Amino acid sequence: MTCENIKNVTIIGGTRGLGKWIAQQLSKEGLNVTITSRNKTSGEKIAKKINTEYSNDNIEAIENADLIIFSVPIENMVETIKDVAPYAPEKSLLMDITSVKKEPTEALIKYAPENTEILPCHPMFGPRVPSIEGQVVILTPIENRSKKSFENIKKFLENKNTHIVISTPEEHDKIMSVVQGITHFSYISIASTIKKLDISVKKSREFASPIYSLMLDMISRIVSQNPYLYYSIQKSNNETAISRKTLIEESIRLCNLIENGEEELFVENMSNSAKHLDEFEEALGRSDKAINVLTNDLNVLKKSIGEEIGVEHQYSKKIHVGTVENVTADTVTLINDNNQKTTLKISNINKLSDEELFNWKKNNTKLCEFDVSVMFPKRCNKNILLNMFKNIKPVINVELIDVYTGEQIHEDNMSLTFHYSTFNKHEKNYVENYLKGIGGIIR
């Protein structure tokens, strides 16, 4: 890690969610990481699994910390900062990673010793991401409280190719009331409405455009996550209440325009809203890319019918290999060498590249082993022949194990014996025909 003067890190509440993810990543960076929680049994298990230390005493855990990260539920954040921050070591850095900034920042300013630094932070991603690269991290530096740490942390994030946004706690909460607040509220409301109307989501997808399917995926992504967290996001940011109320008022106003036949006013409102968004071309480009991703996977799989492919399930990470037997709008069916069929949702899988499939099969399947003796003229270069053999498509491994020029071989010839392997026994004929095709005589 490039953060100067940071060796020991304590994450308050680092046994779950984003706190756990950060603990794991910083441990991989070579830092000494301690995580805390109330449950000692599960905390010790998690710490061992992610290669960190564990403590169930927050005050004890921060005694030697250079960096203290608060990662507790939003509703507990201010109280936790109040209890722990006053004991922070001199020159240490305190950060919170909650999605609300104004109240936690005020608490850090009030309770952290003056000889420490504070840097409120909001990572705009969850613990499912594979790395921080390309992710958005919002920093809200406070004047005279993060002179050294701000540049230090900023440099570290830049080296990780993170997209950094600099804001104030007030601006952060107001914008997040839209980015998270009314976005989540709208999605949750749509899901609730679909349920109340008793519409089959599965059936509705049969009628749907890619845009509708994409919207449903985003709604499902939100409502299938921790509802307590999403309630906290709605409840904890005072700005969200204002945005939520405005959304409801605007929805009612637009509904009334339609009910009252006010076509011109409705059109004018929609046109003005489009002008305010002012991203027509960019929005089309981004949404086209998203739609193309959805349809491209389907088209690639359809073209692979009758061919062997490998796919990785994006959640379980299990690899499935087989011949594509059937492809529907939502699923692909593979049949393996044992005639076992597996049907997978296309939305849950990623197709392996040819190289990835080859390497997986090489490491995970039992190879067929063969020896073959082939006569070639003595003037042929053995190393060139061996390299040529290696490039025969079905061949996995090959070595030259014998060179014979005895009585049974014409004096101008030599017999080369190769040991090679393929994925299946039927490929033996292909290999031998190839050798004959380049002038070899199978003994």
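The following legends describe close-up views of a predicted model.

**View 1. The crossing of helices α7 and α9 in the predicted model.**
Helix α7 spans residues 169-196 and helix α9 spans residues 210-223. Their axes come within 9 Å and cross at roughly 100 degrees. On the side of α7, the residues in the contact are His184, Tyr187, Ile188, Ile190, Ala191 and Ile194. They meet Leu216, Met218, Ile219, Ile222 and Val223 of α9. By class, the contact of α7 with α9 holds 10 nonpolar residues and one polar residue, with no charged residues.

**View 2. The packing of helix α4 beside helix α5.**
Residues 74-84 form helix α4, and residues 102-111 form helix α5. The two axes are 9 Å apart, and the helices pack at an angle of about 10 degrees. Helix α4 is therefore roughly parallel to α5, since angles under 35 degrees count as such. Met77, Val78, Ile81 and Lys82 are the residues of α4 that meet α5. Their partners in α5 are Glu103, Pro104, Ala107, Leu108 and Tyr111. Sorted by class, the contact of α4 with α5 comprises seven nonpolar and two charged residues, and no polar ones.

**View 3. The buried side of helix α5.**
The buried residues of α5 are Pro104, Thr105, Ala107 and Leu108. Around the helix axis they cover an arc of only 160 degrees, which places them on the same side of α5. Pro104, Ala107 and Leu108 are also among the α5 residues that meet α4. The elements covering the buried residues of α5 include α4 and α7, together with the strands β4 (67-70), β5 (93-96) and β6 (117-118).

**View 4. Helix α11 from end to end.**
Helix α11 runs through residues 238-259 and has 22 residues. From its first C-alpha to its last, α11 reaches 32 Å, which is close to the 32 Å expected at 1.5 Å a residue. Thr240, Ser243 and Leu257 are buried in α11. An arc of only 105 degrees around the axis contains them, so they lie on the same side of α11. Helices α7, α10 (227-236) and α12 (263-277) are among the elements that cover these buried residues. On the face of α11 turned away from its buried side are the exposed residues Asn238, Ile242, Lys245 and Glu259.

**View 5. Ile22 and its contacts.**
Ile22 lies in helix α1. Its relative accessibility is 13%, so Ile22 counts as buried, the limit being under 20%. Apart from neighbours within four places in sequence, Ile22 is in contact with Ile11, Ile69 and Ile97. The C-alpha atoms of Ile22 and Phe207 are separated by 42 Å, and the two residues are 185 residues apart along the chain.

**View 6. Lys378 in a loop.**
Lys378 is placed in the loop between strand β15 (368-377) and helix α15 (382-390). With 44% relative accessibility, Lys378 counts as partly exposed. Not counting residues up to four places away in sequence, Lys378 touches Thr405, Glu411, Asp412, Asn413 and Met414. A separation of 90 Å lies between the C-alpha atoms of Lys378 and Glu263, residues that are 115 residues apart along the chain.

**View 7. Positive phi at Asp198 and Asn339.**
Asp198 lies in the loop between α7 and α8 (201-206). Its phi is near 60 degrees, a positive value in a residue other than glycine. Asp198 is exposed, with a relative accessible area of 67%. Asn339 is found in the loop between β12 (331-335) and β13 (341-345). Although Asn339 is not a glycine, its phi is positive, at about 60 degrees. At 61% relative accessibility, Asn339 counts as exposed.

Definitions and conventions:
Residues are numbered from 1 along each chain as its sequence is written. This is a predicted model: local features need pLDDT of at least 70, side-chain atom pairs count only at pLDDT 80 or more; totals for chains, interfaces and linings use all residues. Side-chain values use heavy atoms; hydrogens and water are left out. Axes are lines fitted to C-alpha atoms, for helices over the stretch in contact, and angles run from 0 to 180 degrees between N-to-C directions. Helices (H or I, at least four residues) and strands (E, at least two) are DSSP runs, numbered from the N terminus. Contact means heavy atoms within 4.5 Å. Ala, Val, Leu, Ile, Met, Phe, Trp, Tyr, Cys and Pro count as nonpolar, Asp, Glu, Lys and Arg as charged, and the others, Gly among them, as polar. The expected span of a helix is 1.5 Å times one less than its number of residues. Buried means under 20% relative accessible area, exposed over 50%, partly exposed in between (1.4 Å probe, protein chains only). The arc is that of the directions from the helix axis to the C-beta atoms. Angles under 35 degrees count as roughly parallel, over 145 as roughly antiparallel, 65 to 115 as roughly perpendicular and the rest as oblique.
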